[in-house]
Every structure is written in structure tokens, then in C-alpha cells.
Amino acid sequence: MNTIVNFMFAAIKAGTPLLFGTTGEIVTQKSGNMNLGVEGLMYMGAFGGFFIAYKTDNLFLAMISAALFGMLGALIYSFLVITLKANQNVTGLALTTFGTGFASFFGEMLIEGGSPKLSQKMTELLSEKPIPVLGEIPFIGKILFSHNILVYLAIVIALIVWAYMRFTRPGMKLKAVGENPAAADAMGINVDITKYVHTLIGGAICGMGGAYISLINGNGIWNNGCVNGQGWISVALVIFASWSSAKAIFGSLIFGAFTVFQVRANDFASEFAFLSFLSKIPNAIYVMLPFVITAGVLIVSSMRSGGSDQPASCGTNYYREER
Amino acid sequence: MNNKNKKISIHIAKRPPLPAKTVTLLYIFAIFLALCFGGIFILCLGVNPFKFFAKVFTGSLQSKLARVALMRIIMPLFITSIGVSVAFKMKFWNTGAEGQFIMGAVFACWAAFTFENLPQPIMLLLMAVSAIIGGGLFGMVTAFFKCKFGTNETLLTLMFNYIALYIVQLLRDGIWRDPAAGGFPKIAQLPENAWVYQLGGIDMTWVICIILYIIANIYFSKTKQGYEISVVGDSQNTARYAGMDVNKIVMRTMFISSAICALAGMFQVAGDGTSHTLTTGIASGIGFTAITVAWLGKLNPTGIMAVSVLFGILEKGCGVAKSTFNLSPAVADILQGIILFVILGFDFVITYKIVFDKKNANAEEKKGENA
């Protein structure tokens, strides 16, 4: 039982940065912008968050800073794609190059100025501790209610985004813009502003995901290559979650489970005799599976008669005179 | 609406295509401008940007060793970018170059390990054919789904990158694990008869680059297939009305695109740069950089050549400049990013113009009110 509990706990912990990235990318894609720069945004957020946490010892400011750095990246993207109508794929990739370079450049300066390590106070604040009462429930308490504070932040943001899209007017307008910008324009919605606002918000959420990686996964020490592909996995997860941030909560759990499973497969195999085959499966299969499944989801969803759940205009820019 | 007479409408209109010479000059100016922005950034860090760029340029060319290292950056980047540009001309967003590159290396290694005793020329030929067929089909699968079901190719090819990457890991930990490595998971070095020939102090991949450059130029502008690609890229409907088999063209083009990327992978693993060994880091982002290079080069072989060289110099030169100025080599990524941003911005100036018209705005508004 302990094996399962520990595994679930670790899966949630590993899935959280993906949940941030995915939620951010969902908001962005819903506005019709396919931002492939999530990796870069997360890197910028990772640096922005870590730097402020390191300098000020204030978690709140650190998360704000991470969000602002993510926004800065998203602003570059938005200006090029929305105002200047640049190619979305290429701009996204450029953002990834830029963001990765940005974090590792300034990270290097941080390292040279003395080994950057978060203070005792900060690591204490970010440590995993059970929530009073709820954390004492057997099994569930450990799995769900004993995490670091940022895990809950990610889930709350995902739920807010989900409710925003489903129940609010701006959320509906956002979907209209993503599905058919010309029709939205005709309805009197300001397409460009809607795109700007949501791409920036999406960037901010991705940036916070980066901060999660640098603050939590790095054990308080800065690492230049910390994001290491998690931005790209987040893009995959958007598809897996079929553009719903509520589904993304479960999706991130599953993806997180795959990433930790390679380490835990042996535990399972030794504890349960019927699972002994697990330890014989190569690690590469476990890490590959999320991508294989996502590719499968992508293909199957496109086979359905209604088409995929992807916002229809996603990937193409809106140019009024061409409608 | 009170200030109606003050209102000036600004709208964007497509401009008629500018002459090629003006466009080239504008892009050269854009790169210059980008380097200025980069220079300001470097100045803010307290380093003289003129000295820095001078060092980047001379540093990347200073010795034979540096020049060889520079070529090793440029060659795979150029081949892969050409591969990407073939699909991009058709507006098929192949973001899977990284995976196709990796699979090319995998299939080349497969040929080398399976038929290990062939004479070198036959071996190299077999490896190339195997990479082209294997890597080409790996990419064509995505085109198949795109044609059949309309699956989003950007996202699908993106997923395939990671599948390819973990296939290498799977092989490394499994059937291709080198027993001689003493428990350390690695794939064995290719046999010597599978190494690319040396020519002029470097492996002869550069000859392939030149041949590919010539072929690409001819293919794009002089052949029926090249013409078909540009028609499908402009409008699939036009292509259909003209009686073209769009699905066939899309699948064929994607095969060619990924086969070229795979060929780059084959030369990477059989060349000197990687000590003739397949690792999980074989592509290390070349496939992604190639997409930006292809775009910056305006999908034109000459442009791609120029941008590959520019990016190569930045990457190599910033590595050399580190010791002099104590700036992290990651500054190369930042500079590349800035160049991309500025050029993407310049695309706007070249394609569109901003029209200010006061009269029309009022007229339009009135029309709207009446209706």
C-alpha cells in the first residue's frame, strides 16, 4: 500500500509543472495562438522565479516575477504574431531558443556570483507538509493533502481557467475568437485585444510552471538546464487533455505517473508478484508512452466526424482584410 | 464618436511584391539591426560590443581546429534546413525534423551493424539508402494521417520527435547495448568502414552540402515536382482544380523532406563530429534550429546557406569569446533569438503596408451607421 501511496504522491509532484504549462498553453491556444514556445516561457519563468526567491526570500514576489517573465516572453510572441502576423510555429520556436538561452545565460551569471541556493526559510516554505486535519486521513491524506503549496496553486489555477471558459462571458468570447475570429469580429469582439490578453495570461501561467521547476524540483539550487523538455511535454498534454484544463489535472497526473514510474517500477515489481513483469520493461518505454499516447489521441480525435477539439483557427493568424 | 473628424483609420493592406533586390537588402538591414540590438544587450553587460563581435567572427575562424568545428556546426544544420524547407514550401509544418534526423542516424547504424563487413563505399551507400528510406517513411507516416484524417501535422510531427529520441534510448539500453562498455549504457562505435571519407581535413559531408544545394535549387525552380509543391502551398483548391493529386504530392514531398533530414542524421553519426557513435544527444536541437534557419533563409537554398553560416559563426564564436569576455556561450542563443524576432518583424514590413486614410474612415463609419 505504501508503494502505491508514495507513487501517487510522486506522480502529482512530477505532474504539477506540466499542469501549469498545459493550463497556460490551453488559454493561449484557445485564443487561436499555437505558441510552441512553452519551453522558452518556462525557462524564463524558472529564472525569474528563482532569482527573486533567491534575492528577496519572498515566495509571493517570486511567483509574481515568474509570471511577469513568462508574460514578457508571451508579449514578444504576441507582438510578432498578432500585430505583425508572423508565422506562429517559427515565432514559437524562436521563443524557445531565446528563453532557453536567456535562462542559461543569466543563470550562468548567478552561478558565477557564488553558488545560488535558496535560504532555509524559503525551502521551509516550499517543503511538503500535511494540511491540518485533511492531511491525517489515511492514504488520501498523504496522496492529496501533503504537498508543497505550489501544487495547490496549480490546481486552483486550472480550475479557475476551466470555470472561466465554461461559465463567463469573456471566456465564451475567447472561445469564439479561437474558433472563428472573423465571426467574432463581426459580433463586435475585439479580436486582437482578446488574443493579446489571453496569450499574456497563458504566458504568465507557463512562467509559474517554470518557477515550480526551479524552486521545487531543483531542491533549492539553480540548474541551467532545469526545464529539460517539460515545456514540450506540456504541449503534448494540451492535446491529451483535449483543450480542457479540468481534464489537464488528471492528464498531468497520468503524465507525471509515467515520468516517475521508471524509478518506481521495481518497487511495484517487488511488492506485487503479479507485477513482476514491470521491472523487465525498459525505462525508455515508460518515458516514450506519453508521446505515443498523445500521438494516438491526436490521430483518433482527428478521425472523429466533428474534428478535433483544437480551436479551429489555432495556428493561423487573423487578417481582417482577408476574411 | 465625438471626435469623428479627428479620427484617422489605420489599416493594414497587403503590398504588391517588392523586387527581390529590395527584399534582400531589407533582410540584410534587418540582420544588421538585430546585431545592433544584440550589441546594446552586450553593452548593458559591460562588454564592448564591437570587440565582442570582432572576437566572435575571428574566433570562429582563427585556427584550423576552429574552422573544422565551425563546419561541423554548419553542415548538419544546412542539410536539415534544406529538408525542412521542402515541406515548408508546401505549407506543411514539419516540426519533426529532430526526430527524422535521429531516425536517419538509427537506420544508418542499423545498416552498419547488420552488414558490418561490406567495403566502405558500398557500406556508406547502403547506410544512406537505409536512412533515406527509413527516415523518409518515418516522416511520411505523419503526412498520411494529415491527408487521410486532417490530423494536425505540427503537433503530430512534434510527438514523433520524442518517440524517435526514446527509440535511441531503447536501443542503447537493449539490443544495441555495447557489451564492451562495461555496464555503462552506450551504443557501440560504428565500424571504421562505416565512417564518412575525409576530404580537406574534414569529413566530406560538405561535398554533400554543395550537391544538395545545387539539387535543391534545380528542384524548386526547374522541375514539375517543385512547381507542384508551390501550387499546393499556395492553395490546395487551386491544385485540385488544376487536376493535381494533392494527397500524393503531400506524401511524396513529406517523404523527400524527412529523407533529407534523415540523411543529415546519417552524416552526423557517420561523420567526425560525434566520434562515430549514436547517442541520445545525436540531434541535440539541430532539428528545431533548422526550422528557424529555413524560415530565416526564406526557404531559399542560398538564404539557408547564408543563415546556417551566420548561426554557425555565432554559436562557435560565442564559445570562443567566453574565455575573453567571461560571457556564457548561451549568449549565442539570445542573439539568434533576437535575429529571429527582428526578421519575423521585418516580414511584416515586406508583406504589408500600413495605410492611413482619413476620408475613407469617415465614409465607412457613416455607411455602418446607416445600415
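Let's start with contact range in chain A. Two residues are in contact if their C-beta atoms, placed from the backbone, lie within 7 Å. Take the contacts in chain A between residues at least 6 apart in sequence: 78% of them join residues at least 24 apart.

A word on the source. This is a predicted model, where local features need pLDDT of at least 70, side-chain atom pairs count only at pLDDT 80 or more, and totals for chains, interfaces and linings use all residues. Residues are numbered from 1 along each chain as its sequence is written, while chains are lettered from A and ligands numbered from 1 in the order in which they are written.

Now the fold of chain A. It has 13 helices and zero strands. Helices here are DSSP runs of H or I, at least four residues, strands are E runs of at least two, and numbering goes from the N terminus.

Next, overall dimensions. The C-alpha trace of chain A spans about 65 × 50 × 40 Å along its principal axes. The radius of gyration of chain A is 20 Å, which agrees with the value near 20 Å for a compact globule of 323 residues. That radius is taken over C-alpha atoms, and the globule rule is 2.2 Å times the number of residues to the power 0.38.

Burial next. Of the 323 residues in chain A, 51% are buried. Buried means 20 or more other C-beta atoms within 10 Å of a residue's own, exposed means 12 or fewer, and partly exposed is in between, with C-beta atoms placed from the backbone.

One residue as an example: A:I140. It sits in helix α6, residues 140-144 of chain A. Why is A:I140 partly exposed? Because it has 14 other C-beta atoms within 10 Å.

On to the interface. Chain A gives 41 residues to the contact and chain B gives 38. On the side of chain A, α3 (59-83), α4 (88-112), α11 (230-240) and α13 (283-303) each supply at least two residues. By class, that side has 25 nonpolar, 13 polar and three charged residues. Ala, Val, Leu, Ile, Met, Phe, Trp, Tyr, Cys and Pro count as nonpolar, Asp, Glu, Lys and Arg as charged, and the others, Gly among them, as polar.
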